[in-house]
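Morning, everyone. I'll take helix packing and cavities today. Have a look at the structure.

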Amino acid sequence: MLDACAELVDEVGYEGLTTTLLAERAEVAIGSVYQFFPDKRAIVQALTLRTMESYLQRLDERFASDDMTHWWDGVDAGIDEYITMHRTVPGFRTLHFGDVVDLHLLDEQRDNNGVIADQLARVLTERFGLSDVPDLRFHLEVAVEAADALIKLAFRRQPEGDERVLVEAKALIREYLHRQVDARSGVTQTG
């Protein structure tokens, strides 16, 4: 059902998605949809959670296999995977991490990009030894918001993403985080 939901969201958008359309696409009875999901928001939330888990798994795989020597290599990987998902994961370009549906879809207390920033902070502290302090999470949240906005702009400009905008987004995020994280905390390279 989640795969059918992703396809439909790409075709008709979130507003056009109905449980009836989902049941038809998934070739299940409408009662089967309601057995698992009370409404379309719950379906999209499940799809969004699956997408976030996939994103984090992709990052973990990149971190495990790539020769990353500095935390900004991890940030670049995070941006690259986000762009790749825009290009390849059904439903992602429309839903992202759920902000189209609800800014608090992933967590009632934090907005969706804040949840993503927390997850990136976890990965960066584990892999690169950055101090997991509130400032790091704050700066990552600002960076995630900026990257999200610029990547959305790139995909509005061109279906596969305007490469010039994507390059500038990465440069902007790297410079911002370098200024905020390295310069203020005396971070040194770890591997």
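The axes of α7 and α8 lie 8 Å apart, and the packing angle is about 120°. Over 145° would count as roughly antiparallel, and 65 to 115 as roughly perpendicular. The α7 and α8 pair is therefore oblique. Its crossing is right-handed.

Who makes that contact? On the α7 side, we have N113, G114, I116, A117, D118, L120, A121, L124 and T125. On the α8 side, it's L136, R137, L140, E141, V144, E145 and D148. Sorted by class, the contact between α7 and α8 holds eight nonpolar, three polar and five charged residues.

One caveat before I go on. This is a predicted model.

Next, stay with α8 and bring in α5. These two axes come within 11 Å of each other and cross at roughly 35°. The crossing of α5 past α8 is right-handed. From α5, the contact uses I79, Y82, I83, H86 and R87. From α8, it uses D148, I151 and F155. In class terms, α5 with α8 gives five nonpolar, one polar and two charged residues. Keep D148 in mind: it sits in the α8 list here, and it was in the α8 list against α7.

Now the cavities. How many cavities of 30 Å³ or more are there? The count is two. I79 is in the contact of α5 with α8. L120 and V144 are in the contact of α7 with α8.

Which elements give two or more residues to that lining? They are α5, residues 71-88; α7, 112-128; α8, 134-157; and α9, 163-185. The largest share comes from α8, with six residues.

Helix α1 covers residues 2-16, and helix α2 covers 19-26. Their axes are 10 Å apart, at an angle of about 155°. Over 145 counts as roughly antiparallel, so α1 and α2 are roughly antiparallel to each other. The crossing of α1 past α2 is right-handed.

A4, C5, E7, L8, E11 and G16 in α1 meet L21, L22, R25 and A26 in α2. By class, that contact splits into six nonpolar, one polar and three charged residues.

To wrap up: α8 packs against α7 at about 120°, crosses α5 at roughly 35°, and gives the largest share of the lining of the largest cavity. That's it from me.

Definitions and conventions:
Residues numbered from 1 in each chain as written. Predicted model: local features only at pLDDT ≥ 70, side-chain atom pairs only at ≥ 80, totals over all residues. Heavy atoms only, no water. Axes fitted to C-alpha atoms, helices over the stretch in contact; angles between N-to-C directions. Helix = DSSP H or I, 4+ residues; strand = E, 2+ residues; numbered from the N terminus. Parallel < 35°, antiparallel > 145°, perpendicular 65-115°, else oblique. Left-handed = near helix turned anticlockwise from the far one by under 90°. Contact = heavy atoms within 4.5 Å. Nonpolar A, V, L, I, M, F, W, Y, C, P; charged D, E, K, R; others polar. 1 Å grid on protein atoms, 1.4 Å probe; cavity = no way out; pocket = protein on both sides within 12 Å on 5 of 7 lines; lining within 4 Å. Points joined across faces, edges and corners; volume = space filled by probe spheres on them.
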